[in-house]
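Please look through the sequence and the structure shown here before reading the report.

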Amino acid sequence: MTIEELQEIGKIEKEKQDGFKHRIHVCVAAGCLSCQSGQVKEALEKEVSRRGQESWTSVKGVGCLGLCTAGPMVAIEPDGILYQGVSVSDASDILEALGGPAVSRLDCSAHMPFFTKQKKIVLENCGKIDPESIEDYIAEGGYEGLYNALRIMTPTGVIEQISKGGLRGRGGAGFPTGLKWTAVSKTKSNIKFVVCNADEGDPGAFMDRSVLESDPHRVLEGMAIAGFAVGANYGFIYVRAEYPLAVKRVRTAIARAERLGVLGRNIFNTTFNFDITVRLGAGAFVCGEETALIASIEGRRGSPRPRPPFPSELGLWGYPTLINNVETFANVPPIIRKGGDWFAATGTDKSKGTKVFALAGRVNNTGLIEAPMGTKLREIVFDIGGGILEGRKFKAVQTGGPSGGCIPEQFLDMSMDYESLAKVGSIMGSGGLIVMDETSCMVDVAKFFIEFCMSESCGKCVPCRVGTVQIYNVLKRITEGKGKPTDIGLLEELCDLVKNTSLCGLGQTAPNPVLSTLNYFMDEYRAHIDDKVCPAGTCHFNHTEESQ
Amino acid sequence: MRYPSFLQRTADRADVQPVRVLTFSINGVTVSAREDETILTVARQNGISIPTLCHLDGLSERGACRLCIVEIKGSPKLSPACVTLPRQDMEIITHSDRVMDYRRKILELLFTERNHVCSVCVSNGHCDLQALTVELGMTHVHYDYLHPQQMVDASHERFSVDHNRCVLCQRCVRVCDEIEGAHTWDVMGRGHLAKVITDLNEPWGESTTCTGCGKCVQVCPTGALSEKGKSVAEMTKKRLFLPYLKLMRGEEER
Amino acid sequence: MEAKEAERVKVDEDRRWRLVNRTMRLHGHQPDALIETLHAVQESFGFLDLDSLKYVADSLHLPLSLVYGVATFYHFFTLKPPGEHTCVICLGTACYIAGSTNMLKAVEKEVGIKPGETTSDGKLSLLTARCMGSCGLAPAVVFDGAIHGKMSSTAVLQNIRRLLNHDD
Ligand SMILES: Cc1cc2nc3c(=O)[nH]c(=O)nc-3n(C[C@H](O)[C@H](O)[C@H](O)COP(=O)(O)O)c2cc1C
Ligand code: SF4
Ligand code: SF4
Ligand code: FES
Ligand code: FES
Ligand code: FES
């Protein structure tokens, strides 16, 4: 294929779409599908044909529109009208209102801060394109980045742009992507692999899922570019089996991309071959850890092994392997298309670009958002998130999931970037943001996370396997009103031990939620232990309740 | 086809450069070693004893028990000596107060996990775990005991397994797979619910793959695997066969 | 009549094994096909029984204990037959904060089983999950594969009663 042919596909698709005076976009990502958006789409299609206006009104399924809490969401283009909570019976009213003022009872202002405060790079196509149509992706400039990389740039040139853009890994640690790519490209081997980490194990995060469900080609393109840059011809996407829709969309996308020749052999008439295979996870958080993920793809128990050697040296089946997160790959095509300098213009000094967050918990607007690095936490919670539910009082934000920490009110004005988050004892993590209000007990939250780590520990190394159980037992008795004054010291000691001596990242970060709540909410621990009261009213010290 | 352990893989790769000799220091003493020798190996060559549990000469490494952690100057992270390769001019400290303290606590955790009452154990006096308490000066356990009741499987005609004494070091799993080639043992479940199993979690005596060679019993560091009908005094374990067997096997394959 | 029924069951079984065999063939019967194959078995039969584990181990030339170890490491796999209906309550962070433990307690009380168990009449299995990616709609519950968002204890109980009474 030549660039002209690629652009032709995009042009035809664009013209086809522009041919419709009204375009109705129905969100068919998982959130809205679970509120019957599939039926809503059908009803709208039926209504269009009943009225005989197929020639000038189109209905298409698109990816997540962001405000998942108000689903099913429907967008009317080109008017920019957004409807929320649409049901099957609303179809005729929506069609009636086309071209005129919006149906007021469904109207969801697209001008509210939830939408205007965001900046979209990764999610630029989410809610715009049909995730099952490769043409739609191409119409938005898709696969041009891959073309540029293969036909115009050199592998080193590609890595240079990524480094210049300052892209850092979005999977948790924020390791500079350019450096990682360089390491893999420099390792000599005839066979190399590129792996996309879509295990998204943080319970309460759904960024990667939404990207795969809404814009899967972007990730495939990013992987292919990475393959070219590091000299790999095989790619794997490791997706959680809990995300069947994402798996299906990715498989469809791979098949379409192969048919069009943007994946497979001799891509864009070059000598570059790249194949992508989907591999399913099977419910193990630890498989998000690189070496465990490798073991899992190889069909083994997902137990991590000590690093070094790092996967860039010794990865899948012993070959050099590049592992990046879904969102990291999703950032690659626009960087290659528009250049590293363009990307570096957004964000802070050390954290470039944007970050996708899954906003959930006790806020009014829960859903998928994308904001420039360095956005204030307050803006995210109160402007984009629309404040706390039922006008309650903000207490803390949990970031980074089981590896992260709780950020209290005093840091609401902090900037959301890798360094600032680390400074207050949390991490960026993959982007889960859980907002808590006065009804959330912080000891209970700490117990929740340590219980998670305890049951997700692979059991290989002693500190994590036994230490998490010990920490859990202490927290459990505190939340049952049986805590002892010495328990605080004991918790600190156990946390220090597990953090410093565990084998992999799971154990090394498992104590973080406990440590950060100990740090900022000691008074709540004290209240549980000394006064046998739970200030949030979550824990019940009712001793008559059945005890095990 | 079976996957070799990750350390062996490096050796398979043709593009790896010839082995170099490095100089570095352990506890302030300058030592030199081949770059593919672990810190543990070099320390032992130089008469420095680092406590270990999951490591056993002749088996692949796991880096799982964390008892062999050492400090490396300039790095906040502690490194397991059994899997860490030295680098030129590295400064390694094997017995700082910090690591000794951690080692003792890890050992305590092991003692809380399952039931290790030595006085009623067949391996009393010949147990690696018991020896470690002496080596590390662990006098008491200050964490709560968890000891859930575990099973004892005495279905095998010559051996028995007492899960109450298992420390999940996986030596049995490795010796059975890597040396005997039977792969009767593996681990099921995960986290604190993990357990060693034979075949499809079936009684050992009904195993269709077990050759009855007894190697697992010999390498087990505790009284978890034992020979039936042996008195406590007879339960010493013979392990020197391992490096020898491994050598023989390696020569055969060549 | 009975013979016909048996024949039908056999054909059906063959069809289900075909999916499993196809998966193994697709991966060239390499060891790394194991997890994909277990997925295929579970998709076909609803759970992994010892015979199928044995069959998979034989076909892929893998040790029995290794296959069992892998099957029990991953919580997505189950070695017990599921009930006719399933109810999965999400205990991920967002759902936890939104009170999903209360829903779980209510369901436990209603049907008298704990997570991971099936009612004695085989009608309902109660399971928990760690986030299903619908956190925007927390708390979320999955009934027979369909996600329901913004649930409450009453709504969950209603759904369960509907499921259980539907068949009589
Ligand atoms: C216990 C654990 C769980 C992890 N889970 C994930 C995950 O779900 N998704 C992910 O992308 N990275 C996860 N990571 C981070 C990965 O190990 C790895 O650093 C990341 O995929 C690298 O990609 P990046 O450089 O693009 O961030 C996890 C790490 C640990 C220690
Ligand atoms: S830290 Fe936990 S998850 Fe990681 S290897 Fe150790 S036991 Fe396994
Ligand atoms: S049975 Fe013995 S050798 Fe096997 S894991 Fe347990 S303690 Fe280690
Ligand atoms: S899933 Fe529809 S708006 Fe997010
Ligand atoms: S001996 Fe090194 S970790 Fe066990
Ligand atoms: S936390 Fe329940 S769906 Fe994510």
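## Basis of the model

This is a predicted model, in which local features need pLDDT of at least 70 and side-chain atom pairs count only at pLDDT 80 or more, while totals for chains, interfaces and linings use all residues. Residues are numbered from 1 along each chain as its sequence is written, chains are lettered from A and ligands numbered from 1 in the order in which they are written, and side-chain values use heavy atoms, with hydrogens and water left out.

## Chain C

Chain C is divided into domain 1 (3-73) and domain 2 (85-165), with bounds from an automatic or database domain assignment. The C-alpha centres of these two domains of chain C lie 29 Å apart.

In chain C, 4 strands form an open sheet with mixed pairing, in the order β2-β1-β3-β4; strands are DSSP runs (E, at least two residues) numbered from the N terminus, and two of them pair if DSSP finds at least two bridges between them. Because β2 (124-129) and β4 (146-148) of chain C stand at the edges with a single partner strand each, one side of each is left without a neighbour in the sheet. Strands β1 (residues 85-90) and β3 (residues 141-143) of chain C pair in the antiparallel sense over 3 bridges, and Ile89(C) stands opposite Val141(C) in β3(C).

## Ligand surroundings

Ligand 2 is surrounded by 13 residues, the closest being Cys458(A), Cys461(A), Cys464(A), Cys504(A) and Gly507(A), where a residue counts if one of its heavy atoms lies within 4 Å.

Around ligand 3 there are 13 residues, of which Cys166(B), Cys169(B), Gln170(B), Cys172(B) and Cys220(B) come nearest.
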